[in-house]
Amino acid sequence: MRRFTVTDFCHQFISSHISEGSFCIDATAGNGHDTEFLCRLTGDSGKVLAFDIQEQAVTSTRKRLDAHQLSHIGQVIPDSHAHLDQYAAADSVDCIMFNFGYLPGGDHAMATRPDTSLTAIKKSLNCLKPGGLLCLCIYSGGDTGYAERDTILPYIKGLDPREYLVIISSYANRPGDPPIPAFIFKQVR
Ligand SMILES: C[S@@+](CC[C@H](N)C(=O)[O-])C[C@H]1O[C@@H](n2cnc3c(N)ncnc32)[C@H](O)[C@@H]1O
């Protein structure tokens, strides 16, 4: 048995809410693990868009989808998640996932940034269907610092509870700066 990770936790949470035929977005494609997961979840009748600004990540995710015969479900878009509203209509997406930070083995200078991340989160909330789920895995410390965490957390904590349900989880016994998984449901009106 292998170690349980924050990604496993996010995947389990998403799996219990998202079903076949869904429209999902991986806002930070990286090496394509989350894109692959979303493609398997949505199945042949679903659709997944995956964004990344780093060529290495775009290539890696495309290769992964090809290798697993998932390219008919997932489309990799070499653009910033700050533009995701140009690819998805308001109230149209079932699930949007962000795994912030830098690409493991990639360029740390191309890590996600507080300003573009916040723009993308705001646009994601608008693109979610009522009942849809936004999943954020927030990292801090190390060479990415705390600015992104300290931009995102106050914003999501301040969302109107009539419009959104916000759940923020925490590692209770891990020292340092453990990842922070957060889940936001757009409420059905
Ligand atoms: C932690 S990695 C994502 C891991 C990935 N989900 C996986 O399964 O392998 C973060 C990724 O965000 C990407 N990124 C940084 N800024 C971005 C932006 N503005 N729009 C889209 N992707 C961005 C980085 O290039 C990097 O590949």
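Tutor: The model is a predicted one, in which local features need pLDDT of at least 70 and side-chain atom pairs count only at pLDDT 80 or more, whereas totals for chains, interfaces and linings use all residues. Residues are numbered from 1 along each chain as its sequence is written, and side-chain values use heavy atoms, with hydrogens and water left out.

A pocket here is an open set of points on a 1 Å grid over the protein atoms alone, where a 1.4 Å probe fits, with protein on both sides within 12 Å along at least five of seven lines; a lining residue has an atom within 4 Å of a point. The volume of the largest pocket is about 740 Å³, counted as the space filled by probe spheres set on points joined across faces, edges and corners. Its lining comprises 12 nonpolar, 17 polar and 4 charged residues. In this division Ala, Val, Leu, Ile, Met, Phe, Trp, Tyr, Cys and Pro are nonpolar, Asp, Glu, Lys and Arg are charged, and the others, Gly among them, are polar.

Helices (H or I, at least four residues) and strands (E, at least two) are DSSP runs numbered from the N terminus.

Apart from neighbours within four places in sequence, I14 touches F37, L38, L41, C95, M97, L133 and C135; contact means heavy atoms within 4.5 Å. By contrast, A89 lies 75 residues from I14 in sequence and 21 Å from it in space, C-alpha to C-alpha. In the segment before α1 one finds T5, which is partly exposed at a relative accessible area of 31%.

A salt bridge is a side-chain nitrogen of Lys or Arg within 4 Å of a carboxyl oxygen of Asp or Glu. D8 counts as buried because its relative accessible area is 15%, whereas R2 is exposed at 60%. The whole structure contains 10 salt bridges.

The side chains of D91 and K186 meet at 2.8 Å, N to O. This pair links distant parts of the chain, with D91 in the loop between β3 and β4 and K186 in strand β7 (residues 180-186), 95 residues apart. K186 is buried at 3% relative accessibility, while D91 is partly exposed at 40%. D91 also has a phi near 60 degrees, a positive value in a residue other than glycine.

Finally, consider the nonpolar cores, which are sets of buried Ala, Val, Leu, Ile, Met, Phe, Trp, Tyr and Cys residues joined through side-chain atoms within 4.5 Å. In the largest core, of 28 residues, I96, F98, L134 and L136 touch the most other members. At least two residues of this core come from each of β1 (23-26), β2 (47-51), β4, α4, β5, α5 (147-157) and β7. L134, leaving aside neighbours within four places in sequence, is in contact with I96, F98, I121, S124, L125, L128, A182, F183 and I184. A second, separate core of 23 residues includes V6, F13, F183 and F185.

Note on methods
Buried < 20%, exposed > 50% of the residue type's maximum accessible area, 1.4 Å probe, protein only.
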